Amino acid sequence: MPHPLSSPFVRDQLALRATSANAHPVRRGGEYVLYWMQSTHRLPDNWALRFATLEADRLALPLIIHQGLDPTYEHASDRIHSFILHNARELQQSADRRGLRYQFVLRRRRDDDRRTVDRLAARAALVVTDAFPTAGIAERTARLAQRVDCRVVAVESYAIVPSALFIKEEYAARTLRPKVMAHLEHALEPVTDSPPRIGVSEALWRSLDVDRLDLAGDLDAEIARCEIDHSVPPAPLVSGRRAALARLRHFCAESLGDYEERRSDPADPDGSSRLSPYLHFGQVSGAEVARAAIAAAGRPGADKFLDQVVTWRELSLNFCLRNPRFRQLRALPDWVLKNMEKHAADPREAVYSLPQLESAATHHPLWNAAQRELVATGVIHNVMRMYWGKSVLMWSARYGDALRHLIHLNDKWALDGRDPSSYGGIQWCFGKFDRPWGERPVWGTIRSMSLERAYKKFDAKGYEKRWDGDVRQL
Ligand SMILES: Cc1cc2nc3c(=O)[nH]c(=O)nc-3n(C[C@H](O)[C@H](O)[C@H](O)COP(=O)(O)OP(=O)(O)OC[C@H]3O[C@@H](n4cnc5c(N)ncnc54)[C@H](O)[C@@H]3O)c2cc1C
């Protein structure tokens, strides 16, 4: 009988999405296939899991799914730990229901250098992991691939349309849009997943000698014991695939039809999907979101939304994959860099340090409100995020300081931070993906956005009021 995952569609997708991270062959005598889950925190619509399942079945081996969390990632905090751990509890239940073996290992101290993945890899025939260009994940994969002596393969699940189809850096949304949209319908073909044919025996499971976290236990107490930044508290957003899917359903039923009009009003909490944290951690896939939108509104009804979740999201992915300087000014087009040279010495209206920005201590109540929203909730409304980013460009002595400060604030406080869209969005404020506009002081020909104009476009006073108060006490 043909394998349920062996359709030509799955084969073609995996050929585009899977990349070897080293030159080692599959280890002969390996006891299992290891899926090291790093950025795709879900079981359905997970291309790395599909690849690992097919390989396990081909090699007649069982499959072990391993997720770990340690305190060494940049800006490790209660906010990020909590979002990951609460989803892991759901993942455990979901894996049990599907007959999959999933384990979570929490490394609490920075000086604890037990390398669980290395020990698991030493007995594996093959390690499969997620391909992801940001949040230090590609670097972790590359380091593991060098240390171990079995094959390591990274598989992309982030993209709806495989990024391998677009090998050059795209200039703007208008250059990627027709290409990515031409592949969309095909890329959304649903796949029926199946568990691996060979289960994990109790003897093997016990022999792994891994300090598994009891995910049914008190997760907040576990987080409190971790050597991470406890001054960044958990965000109020409920983590997990159940919450993500509920939000997706609600958005498609209530808001998708008016998305174009409603998405620009920060006073309308349901005007956009607010799915970015779930998408960032892979609790739901871009393809699932796009399919649900098309099913609810059809095309062209869902087109404006698809433009964001497909074109803009994959434009940022393309940027981070094809431009290794995506966190630096040097990633910007020549017209921007020339412009910055010309306007470097222009007098600034105000100059703020990182601590002043972080504590929402600027002269502008609307900017401070956006920063407070970020600190309190882990997100800023899309429209305010643009004003927030553009203002820092104006209030920094050097353009490079502005970029560094924005990346720091977003990576540290945003629940959807450290994503390809984080760097695409921030660099957009500096002119990436855009064109030159009329010349002005400091901006040069970069598109300007003044906070004053926001008062004419939406109820900015109401937004200020909502996020009033001391940033640490919200
Ligand atoms: C300064 C700045 C920083 C940003 N930082 C982030 C970030 O850290 N993480 C992040 O996911 N997005 C970021 N963005 C892009 C965008 O603001 C957010 O994706 C969007 O506001 C998330 O809200 P939503 O889920 O309601 O979006 P919706 O409007 O409902 O869109 C659905 C999804 O499409 C994607 N998307 C929407 N707009 C964009 C965009 N302009 N670029 C790339 N993808 C997009 C997101 O995955 C989003 O969840 C940033 C933008 C700016 C200007």
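Me: By class, how many nonpolar, polar and charged residues does the shell around the ligand have?

Reply: This is a predicted model, so local features need pLDDT of at least 70 and side-chain atom pairs count only at pLDDT 80 or more, while totals for chains, interfaces and linings use all residues. Residues are numbered from 1 along each chain as its sequence is written. Ala, Val, Leu, Ile, Met, Phe, Trp, Tyr, Cys and Pro count as nonpolar, Asp, Glu, Lys and Arg as charged, and the others, Gly among them, as polar. On that scheme the shell around the ligand holds nine nonpolar, 14 polar and six charged residues.

Me: Which residues of that shell come nearest to the ligand, and which element gives the largest share?

Reply: The shell has 29 residues (C-beta, placed from the backbone, within 6 Å), and Ser272, Ser273, Gly389, Ser422 and Gly425 come nearest to the ligand. Two or more residues each are given by α11 (276-280), α13, α17 (382-394) and α19 (420-429), these being DSSP runs numbered from the N terminus (helices are H or I of at least four residues, strands E of at least two). The largest share, seven residues, comes from α19.

Me: Between which domains does the shell lie?

Reply: Domain bounds come from an automatic or database assignment, which here gives domain 1 (1-157), domain 2 (158-193 + 240-322) and domain 3 (329-465). Because domain 2 and domain 3 both give residues to the shell around the ligand, it lies between them.

Me: How far apart are the C-alpha centres of domain 1 and domain 2, and how many residues does each give to the contact?

Reply: The C-alpha centres of domain 1 and domain 2 are 24 Å apart. Their contact (C-beta atoms, placed from the backbone, within 7 Å) takes 23 residues from domain 1 and 23 residues from domain 2. On the side of domain 1 that touches domain 2, the elements that give two or more residues are α1 (8-17) and α3 (78-98), and the residues of that side divide into nine nonpolar, eight polar and six charged.

Me: Is β2 (residues 32-37) mostly covered or mostly open, and which way do the residues of β2 point?

Reply: In a regular strand the side chains alternate between the two faces of the sheet. Tyr32, Leu34 and Trp36 point one way from β2, and Val33, Tyr35 and Met37 the other way.

Me: Which residues touch the most other members of the largest nonpolar core?

Reply: Such a core is a set of buried Ala, Val, Leu, Ile, Met, Phe, Trp, Tyr and Cys residues joined through C-beta atoms within 7 Å. The largest one has 136 residues, of which Val33, Leu34, Tyr35, Phe51, Ala124, Val127 and Val128 touch the most other members. Helix α13 (residues 303-322) gives the largest share of this core, nine residues. Leaving aside neighbours within four places in sequence, Leu34 is in contact with Ile64, His66, Leu120, Ala121, Ala124 and Val127.

Me: Why does Leu54 count as buried, and what does Ala292 touch?

Reply: Leu54, found in helix α2 (residues 47-59), counts as buried because it has 22 C-beta neighbours inside 10 Å. Beyond four places in sequence, Leu54 is in contact with His3 and Leu5. Ala292, in helix α12 (residues 286-297), touches Leu248 and Cys252 when residues up to four places away are not counted. Ala292 and Arg249 are 43 residues apart in sequence and 7.8 Å apart in space, C-alpha to C-alpha.

Terms used
Contact = placed C-beta atoms within 7 Å. Buried ≥ 20, exposed ≤ 12 C-beta atoms within 10 Å, placed from the backbone.
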